Amino acid sequence: MSQRTAAPPAVERPRKVLMKGNEALGEAAVRAGCVHFFGYPITPQTEIPEYLVKRLPEVGGTFVQAESEVASINMVLGAAGMGIRCMTSSSSPGISLMAEGMSYIAACELPCVIINMMRAGPGLGGILPAQGDYFQATRGHGHGDYQVLVLAPSSVQEAVDLMLEAFELAERYRNPVMVCADGMIGQMMEPVEFPGEGRGPPLGATDWGLGVRRGADGTERPRRVVNSLYLSPEELHAHNLKLKAKYDDMARREPRHELYTGADADAPYDVLLVAFGTMARICKTAVDEVREAGLRAALFRPITLNPFPFEALRAAMDAIEGDGPVLDVEMSMGQMLYDVRLAALGSRRVLFHGTAGGVVPSPDEVASEIRTALGRAPR
Amino acid sequence: MRGTDVLMAGFGGQGMLLAGKLLAHAALNEGLEVSWLPSYGPEMRGGTANVIVCVSPEPIGSPLITSHRGLVVMNVPSLEKFAPRVRPGGVIVVNTSMIDRDADRDDCVVVRVDARAEAEAAGTLKAQNLVMLGAYVGASRVLPPEAVERAIAEELTGRKARFVPASLDAFRRGVAAGRAALPVGAAPSATAPSGRGER
């Protein structure tokens, strides 16, 4: 046996680095120009605050561990109201506690980013990955007629890319943006690449942020108000119409998706799977597996959960050969399923396979569901 | 090269997550796609704390694998839980210093290595995980051992840098044991403790 003890010479370091999803999200936030983080620890996302408590002071930012999630989101409300780029992160039970604050932030039309590293529920639930917060993310959190834009990454690299963009979107629409992943993406390490330069210039002077009114030259700008209380029904109606116009604009411009038909792009398919986030990766492997056996399956992966890519999904459903079915797969008891059915509007059979509690379906299990959907005997 | 995967399991603290990270780091250095998925559930405090590492020239689909091409087990609970799930033809590395039974998989390449004795010979009992990693790399030939050696030197820095020489030695001892492994179907290796196999 060789008894060399000296380390071999170092090779040139690749541009990619190996990082946990949570840490990579933290770094991406800093690169995006986020300067304040307010949060409260909860598994499986605690590495995000853990990373930022070290990293933010290096860029002149501030990390605050709040006394609760309720406090965190209200600190975000305050900082965002000042026109400062800020965020919070939590996991399912903590996001529930932030519901009221999110409604206020949306009502006040303030930009911020909220990460939900979903875990199994309901209640305190468990700490393992799940997707049972789909309704919560896409149908509200808090009260009132508001929406948040929801991005659902399915790899660590995509989490980074979407995080970099999340602040831009938040500021474009002056609305909360949620990055909705699950414990698996948070805990997993994958190679990631960050853009060389941070994208986010400091938010700086906005025409809506609060703060000092008197400029350096002594001139005073008009008073600004950040508010969500409208006692006049006409005014509140007008405010809701304004918000609605914004959400309609989002629905036109922002839906994103990926259509995967195996190694061969544009290959025909007899069954269309629909899945997002971690579940979509598992489905991708299942699609590869059954394609090797000659079964023609494809996967539609929504990247924005809200606005949901209805038109693209309907087009992908229309492209299924013959009267082939749609198979929705989730780590929940069937939530995105409602949007998939809406996209189908009765035009296709929509089947469902789901698990909960932190049980993650394996590629073999999904492949077996595909065989059943196609009328083959499950293996 | 086609993609492969390995599950590494043991008691929390036996270093399987770090061993997996070193493998992932080495694969990244080699320009391959890789995923490192730890168990972060209650088993962190039990006997089957584990990590799944996937390595492939293609982007990794599911990072979660339930029928493995490789398995590295430090203790009996991990062997019992995961050995039945290894694909035929897979590589199983068994730590004989804590496991006194057979993997019971004639259809796999089974490497039996005394991680404790080899690590002790290398100068530190802390390096038992590296003996196991070496045995896996030697038997599976997933990566050139030199790539993992570079990763070891790159990961163990600062106060941990003093462990690099012993770690490299332990890793190389493992590689030698892995390379000596018999192909599928051959008789149990001579290092197997006599009279203890259940078969």
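**Aromatic rings and their partners**

Over all chains, the structure holds 4 aromatic pairs, where rings of Phe, Tyr and Trp (its six-membered ring) pair if their centres lie within 6.5 Å, and where planes under 30 degrees apart count as stacked, over 60 as edge-to-face and the rest as tilted. This is a predicted model, in which local features need pLDDT of at least 70 and side-chain atom pairs count only at pLDDT 80 or more, while totals for chains, interfaces and linings use all residues. Residues are numbered from 1 along each chain as its sequence is written, chains are lettered from A in the order in which they are written, and side-chain values use heavy atoms, with hydrogens and water left out.

One of these pairs is formed by Tyr134(A) and Phe276(A), which are tilted, with 5.7 Å from centre to centre and 45 degrees between the planes. Because Tyr134(A) lies in helix α6 and Phe276(A) in the loop between β10 and α10, this pair ties together parts that are 142 residues apart in sequence; helices (H or I, at least four residues) and strands (E, at least two) are DSSP runs, numbered from the N terminus. Both Tyr134(A) and Phe276(A) are buried, a word that means under 20% relative accessible area, with exposed being over 50% and partly exposed in between (1.4 Å probe, protein chains only).

Phe135(A) and Tyr338(A) form an edge-to-face pair, because their ring centres are 5.5 Å apart and their planes stand at 65 degrees. Phe135(A) lies in helix α6 and Tyr338(A) in helix α12, so the pair ties together parts that are 203 residues apart in sequence. Phe135(A) is partly exposed at 31% relative accessibility, and Tyr338(A) is partly exposed at 45%.

The ring of Tyr338(A) also has the charged end of Arg341(A) over it, 5.6 Å from the ring centre.

Terms used. A charge sits over a ring if NZ of Lys or CZ of Arg is within 6 Å of the ring centre and within 35 degrees of the ring normal.
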